[in-house]
Amino acid sequence: MIRHSFSFLVMAAVALPSAAGAADVAPAAAVTLYQQHCASCHGADRLGGTGPALLPESLQRLRRDAAATTITLGRSATQMPGFGDLLSPAETTALVELIYQPLAEPPSWSLEQMLASRIIHTPTAELPARPAHDADPLNLFTVVEAGDQHVTILDGDRFTPLWRFPSHYALHGGAKYSPDGRFVYLGSRDGWVSKYDLYSLQPVAEIRAGINLRNIAVSADGGSVAVGNYLPPSLVILDAHDLAPLKVVAAADRQGKPSRISAVYTAPPRQSFIVALKDAAEMWEVSYRAKPDPVARALVHTYEPGMEEGAFDFGPFPVRRIALDDVLDDFFFDPGYRSAIGAARNARNAQVINLNVGRKVADVAMQGMPHLASGITFEHEGRTVLATPLLNEPVIAVFDIETWAPVGRIATGGPGFFLRSHENTPYAWSDTSLGTARDQIQIIDKRTLEIVRTLRPAPGRLTSHVEFSRDGRHALVSVSEMDGELVVYDAERFVEVQRLPMRKPSGKYNVYNKITLSAGTSH
Ligand code: DHE
């Protein structure tokens, strides 16, 4: 497989094109340059090919100067060559300007294109019955290395890499596992869903389910994978075995106004996927309880507004619409999956939605912008609480999950992205990577809600995501720099055990903690 990716590294020593030079190259000439140098890999329409899509929607995380560096120098460990000898600085700048322009027509991704993109790497019948390695298959970590678009599968007992492979461009959101932990599914921002076998350490299948993907979820019965897309606005249901599309739902409100999907998660006791919409004040529940019959399996169902009778769609994976007061950017479930608590990024309140009755039942004053996907639950003074970092305040907000009453606000050394814990530790670990002190991990005692220790694994360097080992004895921390590392801590004594060099590690996901729905991590 050929993989292209963009550098997030700006090499100051290299003379880069200046914005002033862009005036030298007309936009029409930039289009010609694009067709000459870029189209064969990135697609004549910029929707991607063997290289990633070059659209503003998929390049959100890449600064323009970093894009210019990549065009000039290429990208090591990928098929992206440097064009510094072929393009003048002004031409490079013009190309950068071009790829950050939206397309004149909203890009479409048809079912035919989706089907044509699908690759079966290893037929299920050829997969071995037992692991080909001697590591505990339930104590593996999938580690995303965003720096050079790779993934490392790590033995969680010995902290040694078992397998490192190239991924699609910009993986985002949690890795999702099959219920038995054998397979891992990854979604990339440019629309690819890939499945890998953790027994034989090889790819199984992949499909491009959209152009700009948000996140994926695997059903609790292991049968299907839901894909939430920004572009085209859609929810795609795939067969979890071979990633064949089963249903494509055009994401739109009841009146037909399109909406991006902001997040999709599985709700195991409900046997359904719960879906948040970014541009429509609705939440969806898509049931996977009824299995598609063989005829339905052979057909790919589509669903658009207007097809439903009442609030329901009667095809396989029926869509149930729940009307809300506001859009949702993200949400979190109570432990019984009866309610979801969700919030819009620009809101200061969160809404509690009772999924059984299908309506909003409470507002929760957050006094800040919660990062609910990073929330955790734990027992505190005899009640279950939800704790979530706020993205715009140096605070972790804590709420009673039964009454939604505030329980506390933990003042931290800066706003952070992630909060992680484990049933076997009294501590929760949080980063402060969105503040000025980007290098801190703060350890909170879940009994007192007080910070008991601040760690700086690599002073001055961006430090973020934490995940615990299967037994909760170790906490793995990402130093998310290009020449970064994974720092393994003894979670009881807060002392460093090991360092593993990694290329800008972002998230890491422990198989056991994920499949057992540990309260200390995301699912
Ligand atoms: Fe994430 C998970 C949304 C920016 C790294 N992020 C998620 C999830 C959502 C989300 C909805 C849960 C999906 C899941 O697990 O299936 N993230 C958003 C945003 O809206 C935001 C703020 C803006 C955006 O660009 O989309 C955003 N996220 C980032 C980053 O800038 C991070 C740090 C680097 C990156 O990769 O872009 C980042 N997000 C992550 C990670 C997870 C994640 C590592 C999984 C955490 C986990 O433990 O499950």
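Trainee: Two strands pair if DSSP finds at least two bridges between them. In β17, which residue is the bridge partner of Val 286?

Mentor: Val 319 is the partner of Val 286. First, some ground rules. This is a predicted model: local features need pLDDT of at least 70, side-chain atom pairs count only at pLDDT 80 or more, and totals for chains, interfaces and linings use all residues. Residues are numbered from 1 along each chain as its sequence is written, and side-chain values use heavy atoms, without hydrogens and water.

Trainee: Back to β17. How many bridges link β15 and β17?

Mentor: Five bridges, in the antiparallel sense. Strand β15 covers residues 282–287. Strands (E, at least two residues) and helices (H or I, at least four) are DSSP runs, numbered from the N terminus.

Trainee: What is the strand order in the open sheet?

Mentor: The order is β13-β14-β15-β17. Four strands form this open sheet, with antiparallel pairing.

Trainee: Which strands are at the edges?

Mentor: β13 (261–267) and β17 (319–323). Each of these edge strands pairs on one side only.

Trainee: Now the helices. At roughly what angle do the axes of α1 and α4 cross?

Mentor: Roughly 90 degrees, and the axes come within 9 Å. Helix α1 spans residues 27–37, and helix α4 spans residues 89–99. Axes are lines fitted to C-alpha atoms, for helices over the stretch in contact, and angles run from 0 to 180 degrees between N-to-C directions.

Trainee: Which residues meet there?

Mentor: From α1, Ala 30, Val 31, Leu 33 and Tyr 34. From α4, Glu 91, Ala 94, Leu 95, Leu 98 and Ile 99. Contact means heavy atoms within 4.5 Å.

Trainee: How many residues of α4 are buried?

Mentor: Eight of its 11, and α4 is mostly covered. Among them are Ala 90, Thr 92, Thr 93 and Val 96. Buried means under 20% relative accessible area (1.4 Å probe, protein chains only).

Trainee: What covers the buried residues of α4?

Mentor: The cover includes α1 and α3 (64–73).

Trainee: Next, His 42. Buried or exposed?

Mentor: His 42 is buried, with a relative accessible area of 5%. Its place is in helix α2 (residues 39–42).

Trainee: Last one, Asn 354. Where does Asn 354 lie?

Mentor: In strand β20, residues 349–354. Leaving aside neighbours within four places in sequence, Asn 354 is in contact with Arg 338, Ser 339, Arg 359 and Val 361.

Technical notes: Buried < 20%, exposed > 50% of the residue type's maximum accessible area, 1.4 Å probe, protein only.
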